[in-house]
Amino acid sequence: MFVRIVKLSFHEENIPAFLENFDVMKNQIRNAPGNRFLELYQDKNNKNIFFTYSYWETESDLENYRNSELFDTVWTFTKQLFNAKPEAWSVDKLVSLP
């Protein structure tokens, strides 16, 4: 299992549309095969910046999601709202404390 972190930056006027669409799509994304966890964060100092944080069983699960109709629907809508190029990292969790 690994963690996928995606940084998304939006024009301020597009934030409500992004949040509304995320709310509609979040359960479908969370229930994509191989997805084990999904969270959305908003930067405390720059409200235009968001991060998604998700756990994936395997890299092929993430790639299958990224090649799915669901991802195409989510990404086609979301990318028109950006004010900067999104950034993404796939990372392995090394330490976790409860």
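**A predicted model, residue by residue**

Colleague: Ser 68 lies in the loop between H2 and H3. Is Ser 68 buried, exposed or partly exposed?

Modeller: Bear in mind that this is a predicted model. Ser 68 has a relative accessibility of 23%. Buried needs under 20% and exposed needs over 50%. Ser 68 falls between these cut-offs, so it counts as partly exposed.

Colleague: How far is the C-alpha atom of Ser 68 from that of Ala 32?

Modeller: Along the chain, Ser 68 and Ala 32 are 36 residues apart.

Colleague: At which residue does H1 bend by about 45°?

Modeller: The helix has a bend along its length. The angle is about 45°, and the residue is Val 24.

Colleague: Which residues of H1 are buried, and which elements do they pack against?

Modeller: The buried set is Ile 15, Phe 18, Asn 21, Phe 22, Met 25 and Ile 29. Residues three or four places apart in an α-helix point the same way, because there are 3.6 residues a turn. The partners of the buried set are strands S1 (2-9), S2 (35-42) and S3 (49-56), with helices H2 (59-66) and H3 (69-79).

Colleague: What is the volume of the largest pocket, and which element gives the most to its lining?

Modeller: The volume is about 420 Å³. Elements giving two or more residues to the lining are S1, H1, S2, S3, H2, H3 and strand S4 (87-91). The top contributor gives five residues, and that is H1.

Colleague: How do the lining residues divide by type, and which lie nearest the pocket centre?

Modeller: The lining has 23 residues. They split into 15 nonpolar, five polar and three charged. Nearest the centre are Val 6, Thr 52, Tyr 65, Phe 71 and Trp 75.

Colleague: Asn 48 is in the loop between S2 and S3. Is Asn 48 buried or exposed, and which residues does it touch?

Modeller: Its relative accessibility is 18%. The cut-off for buried is under 20%, so Asn 48 counts as buried. Leaving out residues up to four places away in sequence, its contacts are Leu 8, Ser 9, Phe 10, Glu 12, Ile 15 and Asn 83.

Colleague: Now Glu 59 and Ser 90. How exposed is each?

Modeller: Glu 59 sits in helix H2, and Ser 90 in strand S4. Glu 59 has a relative accessible area of 60%, so it is exposed. Ser 90, at 40%, counts as partly exposed.

Colleague: How far is the C-alpha atom of Ser 90 from those of Glu 59 and Lys 44?

Modeller: Glu 59 is 31 residues from Ser 90 along the chain, with a C-alpha separation of 8.8 Å. Lys 44 is 46 residues from Ser 90, and there the separation is 23 Å.

Colleague: Which residues does Ser 90 touch?

Modeller: Residues up to four places away in sequence are not counted. That leaves Phe 2, Val 3, Arg 4 and Leu 62.

Note on methods
Residues numbered from 1 in each chain as written. Predicted model: local features only at pLDDT ≥ 70, side-chain atom pairs only at ≥ 80, totals over all residues. Heavy atoms only, no water. Bend = angle between axes of the 7 residues up to and from the residue. Helix = DSSP H or I, 4+ residues; strand = E, 2+ residues; numbered from the N terminus. Buried < 20%, exposed > 50% of the residue type's maximum accessible area, 1.4 Å probe, protein only. Contact = heavy atoms within 4.5 Å. 1 Å grid on protein atoms, 1.4 Å probe; cavity = no way out; pocket = protein on both sides within 12 Å on 5 of 7 lines; lining within 4 Å. Points joined across faces, edges and corners; volume = space filled by probe spheres on them. Nonpolar A, V, L, I, M, F, W, Y, C, P; charged D, E, K, R; others polar.
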